[in-house]
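Please open the model in a viewer and keep the selection panel at hand. The stops below proceed from one selection to the next.

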Amino acid sequence: MDSKNTQQLELEQISKRLQDALTARTQLEYRYEQDVSQLSRFIAQLITAGQGLDGQLDGPLMKLRQQLQSKPDLDLLAPQLKQLTHNLQAFGLKLKQQLRDCYDISNEVTEYLRTKFSQQPQQRQQLRQLLDALDSPNLTLLHYVPILLSLLKLLQQLPVAKHKTAEAHAEDAGTTQTSMAADDIRQIRDELLNQLSMIEFPQASAADVNQLRQALLQTEQRDQLLQQCLAIIRIIVKNIHQERLSAQQFLLSLNDTLALVHAGLAEVDQSSQQHHQAQRQLSEQIQNDVQGMSNSVESATQLQDLKRDIQQHVSIIAQALQKKASLEQQQQQDMQRQLAQMQTRLQEVEHEADSYKKRLAEQKFKSLQDSLTRLPNRTAFEERLELEYKRWQRAKTPLALAVADIDHFKRINDNYGHIAGDKTLQVIANMLKKSLRETDFVCRYGGEEFVIIFPQTAIAEVTAVLNSTRERIKQIPFKFRQQDIRISISIGAAGFTRPQDDIAQVFERADKALYRAKRQGRDQVVIDAS
Ligand SMILES: Nc1nc2c(ncn2[C@@H]2O[C@H](COP(=O)(O)OP(=O)(O)OP(=O)(O)O)[C@@H](O)[C@H]2O)c(=O)[nH]1
């Protein structure tokens, strides 16, 4: 009985274990089906998202999606999945090639545009940012969309626009009004700042202009920008008006003086004619008396009568001679007085002309100076480079050129404000000037860019001086908001070495070298080796 019971118990236990195993298996199958179904839905969604990526993949992927929607037989799916894996690998390779093509074409177009915009700081800056974006790691095709769009925009700015029809221009104006991009606003704003730094305003307007500059630096809105443009134009018009008034005053005063001198000369002329007539009358009188004396001598019969006659004539001649002498003296005095008067007035006008000339010279000097850094500006640079270039052509003395750019300058503005940015520009400008020789010419080319001309210097000689300048700038202890900041610059340099070199080509080579310095990690000097 006992053994029967024991067997019964064992059977029940085995049956229960079997039952448990069956339940676990059912649960496992259920979970498996759930997972497969979830995975299938996920794959189906992936397929939907990937639709249109590649024509050759679209068909098989759609078929797979349909199959996954019903309960798929994985064994039947296996060869199809194998084919798809193969297709996907091919697609991956194609994608890689397309990415390489995008990179190459973007680089090529950027390089081309750099040659076209070599004299436009805003566009060059934009191109440099695009090159930076191209160097970012892990770019996908999607990342290329904004890059290619920016390149397209820049291409549209090329001079082809000259041939546009009137309607096209009108159309452009319409779209500009409604969709002026933030980039465009920034570009116009930076160019305005550049232009503003090229004009020296009189003391009376300096405060207004400075306020406007500060406001401009923070402008992001089109309406704000328009208002500021208007304000700038008003200040410029006011100054032109004042300048015109002061030139008018000077011309009026010059006119008065000329009228005075003219009247003086007429007076001198009239009095000299009167004197001349009086002198002639006196001379005639003397001549008559001399003739009278001669007649008396000829007709004289009595010595006594002759003596009396001659005495009379001599006395008249003596009086006439005395009158003549006093007339001459008076004429001389009159002339001296009139001359002195004219001289005083001429001296006054000469003095006015001198101060006017000085003002004009000052204005010329100021129009060649950047008002923020007090360095020569781009106009001055162009004048000087033209001169040095002619000297190089004539005398074949060596000549080199460097373009320097502050690294990550935007961060200074963004993190510490534009006043800190302005101060940074001033300090770096001073250090550049201090680190270079008197005979070297450094200017603020625009924004945070400086250009240096090295007259009578071969390109091989500039590396050391540029590197020491770069080091000195890096050592400047900037402190913003209690933070110690180190600021570096990147420099590209090129020399006038080939007989056919012209200014644009050498500038372009120096600029290209600067791009390389930026792309290789900044804070370095790159010398053009071509
Ligand atoms: N404070 C101040 N900022 C200026 C002036 N002119 C230009 N800028 C700013 O200088 C910045 C230049 O920035 P980016 O062209 O992006 O170049 P970056 O930040 O120096 O970067 P990299 O050149 O690539 O190292 C822009 O934000 C301009 O607004 C100026 O006169 N004063």
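Select L401, which stands opposite A494 in strand 6; strands (E, at least two residues) and helices (H or I, at least four) are DSSP runs numbered from the N terminus. The model is a predicted one, in which local features require pLDDT of at least 70 and side-chain atom pairs count only at pLDDT 80 or more, while totals for chains, interfaces and linings use all residues. Residue numbers start from 1 along each chain as its sequence is written.

Select strand 1 (399-406). Seven bridges pair strand 1 with strand 3 (residues 449-455) in the antiparallel sense, and D405 stands opposite E449 there. Strand 1 also runs antiparallel to strand 6 (residues 489-495), again over seven bridges, with I489 as the bridge partner of I406.

Is strand 1 buried or exposed? Eight of its eight residues are buried, so strand 1 is largely enclosed by the rest of the structure. A residue is buried if 20 or more other C-beta atoms, placed from the backbone, lie within 10 Å of its own, exposed if 12 or fewer, and partly exposed in between. Both faces are covered, with L399, L401, V403 and D405 buried on one side and A400, A402, A404 and I406 buried on the other.

**Two loop residues**

Move to H408, in the loop between strand 1 and helix 12. Its phi is near 45 degrees, a positive value in a residue other than glycine. Most residues other than glycine have a negative phi. H408 is exposed, with 12 other C-beta atoms within 10 Å.

Then select D523, in the loop between helix 15 and strand 7. The phi of D523 is also positive, near 50 degrees. D523 has 18 C-beta neighbours inside 10 Å and counts as partly exposed.

**The helix pair**

Select helix 12 (409-416) and helix 13 (418-435). Their axes come within 6 Å and cross at roughly 140 degrees. That makes helix 12 oblique to helix 13, because angles under 35 degrees count as roughly parallel, over 145 as roughly antiparallel, 65 to 115 as roughly perpendicular and the rest as oblique. F409, I412, N413 and Y416 of helix 12 make the contact with H418, A420, G421 and T424 of helix 13.

**The ligand**

Finally, select the ligand and the 23 residues that surround it, of which Q125, F409, K410, G421 and G447 are the closest; a residue is near a molecule if its C-beta atom, placed from the backbone, lies within 6 Å of it. Among the elements that each supply at least two residues of this shell are helix 4 (121-134), helix 7 (182-196) and strand 1.

Terms used. Axes fitted to C-alpha atoms, helices over the stretch in contact; angles between N-to-C directions. Contact = placed C-beta atoms within 7 Å. Pairing = 2+ DSSP bridges.
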